[in-house]
Amino acid sequence: MLELRHRGGCPSPGGAGTPPPREGEAAGGDHETESTSDKETDIDDRYGDLDARGDSDVPEMPPSSDRTPEILKKALSGLSSRWKNWWIRGILTLTMISLFFLIIYMGSFMLMLLVLGIQVKCFHEIITIGYRVYHSYDLPWFRTLSWYFLLCVNYFFYGETVADYFATFVQREEQLQFLIRYHRFISFALYLAGFCMFVLSLVKKHYRLQFYMFAWTHVTLLITVTQSHLVIQNLFEGMIWFLVPISSVICNDITAYLFGFFFGRTPLIKLSPKKTWEGFIGGFFSTVIFGFIAAYMLSKYQYFVCPVEYRSDVNSFVTECEPSELFRLQSYSLPPFLKAVLRRETVSLYPFQIHSIALSTFASLIGPFGGFFASGFKRAFKIKDFANTIPGHGGIMDRFDCQYLMATFVHVYITSFIRGPNPSKVLQQLLVLQPEQQLNIYKTLKTHLIEKGILQPTLKM
């Protein structure tokens, strides 16, 4: 700082990084002023040095062990490392897609369990990195507290889901009625217990490290739990709102990798040196086409388009309904240039196909920034992957880093452009009111409908 002040007080003509003299500082003579580019270069160098000094404090993470099955190692032993990795990624990708199809066949409840399992594993991978980077294994109670906070936040969000979508089941269980009525208070009390435990666990000379890990845990909860909750909310709107966005991200990931692998020449972003413009553009067009076709195929079946509802009489989730207008074929007039190409005036489409273009566009243009963010995170802590769970792919978080942005976008998209007020939620709130309150609401609603001419006034005898 003394050196900077000295340099600032004694400007030298033409010196890079030398601040310009203030007005009236010297009498007479011409003073060279520093160009804007010189200023920016000096600032970049100064902050680059600070960033480098900060990186030196981050310990080198131990390399991940290779968990590739021995049978694959032997089969691919004669290939170069580039092609060996390509085959391992391809085989494991096909395996995961096949398992995903099996879980879809098993129903929406298994999909919810899958989302919950992925959430827990992602939380574990990110928290483990924090423990290793900050050497916090010896901090009292902190590993226990991290998992305790995960349980608290899950209890809050999934309790809200139970209250919203399992109303009929809750109504017949007296114990559940108590838990639902005071759900938010119980959730807050559980969180306060963890908060107090954290304060009591503070140890002298480790305060800053403990608060680092406290913040790390809460940011991880924000990334994993809230986003997985939104994924399940989207699923309840209809399995198609779950499958098309998720499969679009998967398609973009695969096709961008393939286009980049075979045609990539132009680097896209410094955070991910292997990402190329060719892969990014090829992935975009492939994803939009895939989303459009997938929306057409899935819109035909009630199993995919109907909202997921829990029926207490059969004690299971059902997907039976009269499809909404989004999933009924409509005729659309073609623009003039398409009429000449296709030689037809109109085309029949499901309205959801138009929405799928917006979803797949987001998945291919904005979704990858979740991956870039994850790449920056890994570079900051000098790690190659979040974990070594999946050979050739890394950890679960490495495969689902783009999905979390997608889940939030789909939820916002549904609430903004698709769904209005939810009558079922209003009805659920009415059912927990006192009889006198329900009667007053009934009278008010009846009077309102009579005034609008929807109901005929009853004649008094």
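Biologist: How many helices and how many strands are there in the chain?
Modeller: This is a predicted model. In the chain, the strands number six. The helices come to 20.

Biologist: What percentage of the residues of the chain count as buried?
Modeller: To count as buried, a residue needs under 20% relative accessible area. The chain has 461 residues. The share that counts as buried is 36%.

Biologist: What share of the accessible surface of the chain belongs to carbon and sulfur atoms?
Modeller: The accessible surface of the chain comes to about 28,600 Å². The part belonging to carbon and sulfur atoms is 64%.

Biologist: Of the contacts in the chain with a separation of 6 or more, what percentage is accounted for by residues 24 or more positions apart?
Modeller: Two residues are in contact when heavy atoms lie within 4.5 Å. Among the contacts with a separation of 6 or more, residues 24 or more positions apart account for 67%.

Biologist: Which helix gives the largest share of the nonpolar patch?
Modeller: The patch is made by Leu79, Trp83, Trp87, Ile91, Leu258, Phe259, Phe262 and Phe263, and has an area of about 700 Å². Two elements give two or more residues to it, helix H4 (81-106) and helix H11 (239-263). The largest share is four residues, and it comes from H11.

Biologist: Is phenylalanine 263 buried or exposed?
Modeller: Phenylalanine 263 has its place in helix H11 and is one of the residues that make the nonpolar patch. Its relative accessible area is 52%. The cut-off for exposed is over 50%, so phenylalanine 263 is exposed.

Biologist: Which cysteines form a disulfide?
Modeller: A disulfide is a covalent bond between the sulfur atoms of two cysteines. The cut-off used here is sulfur atoms within 2.5 Å, and the count by this rule comes to one disulfide. With sulfur atoms 2.0 Å apart, the pair is cysteine 306 and cysteine 321.

Biologist: How many residues apart in sequence are the parts that the pair of cysteine 306 and cysteine 321 ties together?
Modeller: Cysteine 306 lies in the loop between helix H13 (302-305) and strand S3 (309-311). Cysteine 321 lies in the loop between strand S4 (316-318) and strand S5 (330-333). The pair therefore ties together parts whose separation in sequence is 15 residues.

Biologist: Why is the disulfide of cysteine 306 and cysteine 321 left-handed?
Modeller: Cysteine 306 is buried at 0% relative accessibility, and cysteine 321 is partly exposed at 26%. The disulfide is left-handed because of the torsion about the S-S bond, which is about -90°.

Biologist: Is cysteine 402 buried or exposed?
Modeller: The relative accessible area of cysteine 402 is 16%. The cut-off for buried is under 20%, so cysteine 402 is buried.

Biologist: What kind of aromatic pair do phenylalanine 261 and phenylalanine 262 form?
Modeller: A search of the whole structure finds 28 aromatic pairs. For phenylalanine 261 and phenylalanine 262, the ring centres are 5.1 Å apart and the planes stand at 80°. Planes over 60 degrees apart meet the cut-off, so this pair is edge-to-face.

Biologist: Where does tyrosine 350 lie?
Modeller: Tyrosine 350 forms a tilted aromatic pair with tyrosine 296, at 5.8 Å centre to centre and 55° between the planes. Tyrosine 296 lies in helix H12 (residues 277-298), so the pair ties together parts that are 54 residues apart in sequence. Tyrosine 296 is partly exposed at 33% relative accessible area, whereas tyrosine 350 counts as buried at 9%. The place of tyrosine 350 is the loop between strand S6 (346-349) and H15.

Biologist: Which residues is serine 360 in contact with, leaving aside its neighbours within four places in sequence?
Modeller: Serine 360 is found in helix H15 (residues 351-365). At 0% relative accessibility it counts as buried. With those neighbours left aside, its contacts are Ser248, Thr287, Val288 and Gly291.

Biologist: Which residues does glutamate 237 touch, not counting residues up to four places away in sequence?
Modeller: Glutamate 237 is found in the loop between helix H10 (207-236) and H11. It counts as buried, at 17% relative accessibility. Not counting residues up to four places away in sequence, it touches Tyr165, Val305, Pro307, Ile414 and Arg419.

Conventions. Residues are numbered from 1 along each chain as its sequence is written. This is a predicted model: local features need pLDDT of at least 70, side-chain atom pairs count only at pLDDT 80 or more; totals for chains, interfaces and linings use all residues. Side-chain values use heavy atoms; hydrogens and water are left out. Buried means under 20% relative accessible area, exposed over 50%, partly exposed in between (1.4 Å probe, protein chains only). Accessible areas come from the Shrake-Rupley method with a 1.4 Å probe; for residues, only the protein chains shown count as cover. Patches are made of residues with over 30% relative accessible area and no salt bridge: like charges are joined within 9 Å, nonpolar side chains (Val, Leu, Ile, Met, Phe, Trp, Tyr) within 5 Å. A salt bridge is a side-chain nitrogen of Lys or Arg within 4 Å of a carboxyl oxygen of Asp or Glu. Rings of Phe, Tyr and Trp (its six-membered ring) pair if their centres lie within 6.5 Å; planes under 30 degrees apart count as stacked, over 60 as edge-to-face and the rest as tilted.
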